[in-house]
Amino acid sequence: MASSNSTYTKITHALLVDPNFEKQPEFTLGDLPFIGHTLLNLSSAGIRNVIVVTTSRGIDYVESFKGMHTKLNMDAVVLEDKWQGSDVEGLLRAEEKLNGKPFVFVASNHAHDPELLTKVATANGVMQAFNAACLIEHDVEGMVGLPQTTIFGAWPALDDSHVTEVGPHLKAYNGIFAGLAAFPATVFTKARELVKAKPRADLADLLNHYAKSSELQLIKNDAKSVWLSGLTRESRDFSIKQLKNTGSPFKLNSGKLVTVLGDHSQSTDETGGDWSLFSVEKWRNAVFTTKSFFEQLYKDTHTYIESLVKKLGGPDRVCLIEVGCGTGETIIPLCGSAKYCIGIDINEDFIKYCEAHNAQSNVRFLCGDATKLPELLESKSVAEWTRQPLKKVVICVGNTIGIIPEFLRDDIYRNMAEVAGDDGCCVVIYWNGNCFGEAVQHFYNENPQLCGPFQGRHVDFTHCTLQTPSGYNTKWTKPEEASQLLKERSLHELEVVEKGRGVIARYRKSV
């Protein structure tokens, strides 16, 4: 049962471009150069892979910080020693290393609270390859030491979803670029077009290229998290004061004590990032933890599905399919309730675990993307089952739907309904939004290993959501919301039932 809710799909690659990294020791921030802060913050935000574009001297310097977090994978693109290219040219040099992945771009001599990095790394539009995104600081009062190269951003007063203009010489603007952006894998095509038209195109030109096409998502620093810049002497002096006032002590692996931005008490090297990489051991531990809080819901889930199968004609007439099967906590115990059971998960290690621990001849597992559910079920290993004239019950339980990135949910809801057809049905089980306050106090606060540490500002009681600095996101759903979700997707609601700490929604496609 996919119930731990411990991570979302997010950007896990970052790009740093600076031919002069080796000059950073001339200025330290809290006893750590800017690149040290950058790598530490990326690691704690769940960014696993960092590509550095710099000279051979710069690479040697950056490598000296690699040991701060052993799970930070670093790669490099070596520039000529006297290279004078732009950030866009440096970006193009890294195309092969990024290998078709979206990535976070951190401007030179900038340090960001991991919470800001996480916010940019989870920009839905970038993961969908619809647009780029950039962090804009709209609270500019009191800022000092802005360089002549400062990039400004503007957007309409009534629409703050996208930046419409970017550049260093805007007459009217709403805020300044905070040195942090995210780009889809398709950025290289745009970058080549831009450089062809303007050989010395810089980062501002690239961002504006997206803005002019309404493809630059605005990420605001609404929580007023701290970010620092060291581009001028004045901004460096200001950054030193800021870190002194807002920073916290942190001990590096070397034993050195430094002052850092944000909360690094639980680095998401272990917990954040790509769902497909979540370890079996951490998953099993999370499942064990959640069972104590959701014990009754586990029982209600099994009882409901067993009863539903009987209503549809009994085990010999039903094929049970679970989306997000985890390590088989739901599908294997239900093997006696259906003629065939198929578990699907995007995590390859979970599927390997299921196959190794499953002794049931009528249960099989598939590793794959649930947004392509009909195609998956045509795989050779299960096609002989799915092509039989059986009623299909497609389930997604344990609030799995609440941790799937929002932009993927529509496809999953509809694909589940497509597979279930006219005579089968789908069952989605949410965690009950009416119990969210209780969960924050007695579940999340008492089990920080599931979500990482958090504060009150990370909780939205109105919308029943929790988004922690580690990158953990969860959405709890009230019964009336579940009905509305189905209605908005033009799906036929069969029933929505509130069961203690859960909400059970049963549906099929509309006629």
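**Sheets, a covering helix and an aromatic cluster**

Three strands, in the order β19-β20-β21, make up an open sheet with antiparallel pairing (two strands pair if DSSP finds at least two bridges between them). The edge positions belong to β19 (459-460) and β21 (473-475); each has a single partner strand, so one side of each is left without a neighbour in the sheet. Strand β20, residues 465-467, pairs with β21 in the antiparallel sense over three bridges. Within this pairing, leucine 466 has threonine 474 in β21 as its bridge partner.

The model is predicted: local features need pLDDT of at least 70 and side-chain atom pairs count only at pLDDT 80 or more, whereas totals for chains, interfaces and linings use all residues. Residues are numbered from 1 along each chain as its sequence is written, and side-chain values use heavy atoms, with hydrogens and water left out.

Of its 511 residues, 57% count as buried (buried means under 20% relative accessible area, exposed over 50% and partly exposed in between, with a 1.4 Å probe and protein chains only). Of the contacts between residues at least 6 apart in sequence, 70% join residues at least 24 apart, where contact means heavy atoms within 4.5 Å.

A second open sheet is formed by seven strands in the order β16-β15-β14-β17-β18-β23-β22, with mixed pairing. Its edges are β16 (363-367) and β22 (491-499); each has a single partner strand, so one side of each is left without a neighbour in the sheet. On average, neighbouring strands of this sheet are turned by 20 degrees against each other, direction ignored. Angles run from 0 to 180 degrees between N-to-C directions, and axes are lines fitted to C-alpha atoms, for helices over the stretch in contact. Strand β14 (residues 318-323) runs parallel to strand β15 (residues 340-345), and five bridges join the two. Isoleucine 321 stands opposite isoleucine 342 in β15.

Helix α11 (residues 348-357) lies across β15 and β16 and runs at about 165 degrees to β16. At the start of α11, the backbone nitrogen of aspartate 349 has a side-chain oxygen of asparagine 347 within 2.9 Å. The buried residues of this helix are Phe350, Ile351, Tyr353 and Cys354. Because they cover an arc of only 160 degrees around the axis, they lie on the same side of α11; the arc is that of the directions from the helix axis to the C-beta atoms. In general, an α-helix has 3.6 residues a turn, so residues three or four places apart point the same way.

Aromatic side chains form a further theme. Rings of Phe, Tyr and Trp (its six-membered ring) pair if their centres lie within 6.5 Å; planes under 30 degrees apart count as stacked, over 60 as edge-to-face and the rest as tilted. By this rule there are 18 aromatic pairs. The rings of phenylalanine 293 and phenylalanine 294 have centres 4.9 Å apart and planes at 80 degrees, so this pair is edge-to-face. Phenylalanine 293 is buried, at 11% relative accessibility, and phenylalanine 294 is buried as well, at 1%. Phenylalanine 294 also pairs with tryptophan 476; the ring centres are 5.9 Å apart and the planes stand at 40 degrees, so the pair is tilted. Since phenylalanine 294 lies in helix α10 (residues 280-311) and tryptophan 476 in the loop between β21 and α18 (479-488), the pair ties together parts that are 182 residues apart in sequence. Tryptophan 476 counts as buried, at 0% relative accessibility. Ring pairs link Phe293, Phe294, Trp431, Phe436, Phe443, Tyr444, Phe461 and Trp476 into a cluster.

Histidine 112 lies in strand β5 (residues 110-112) and counts as buried at 2% relative accessibility. A polar atom of the histidine 112 side chain lies 2.7 Å from the backbone oxygen of alanine 178. Neighbours within four places in sequence aside, the residues in contact with histidine 112 include Asn41, Ala178, Trp227 and Leu261. Glycine 125, in helix α6 (residues 124-127), counts as buried at 7% relative accessibility. With neighbours within four places in sequence again left aside, glycine 125 is in contact with Phe130, Asn131 and Gln217.

Terms used
Helix = DSSP H or I, 4+ residues; strand = E, 2+ residues; numbered from the N terminus. Polar contact = N/O pair within 3.5 Å; in protein donor to acceptor, adjacent residues only side chain to side chain.
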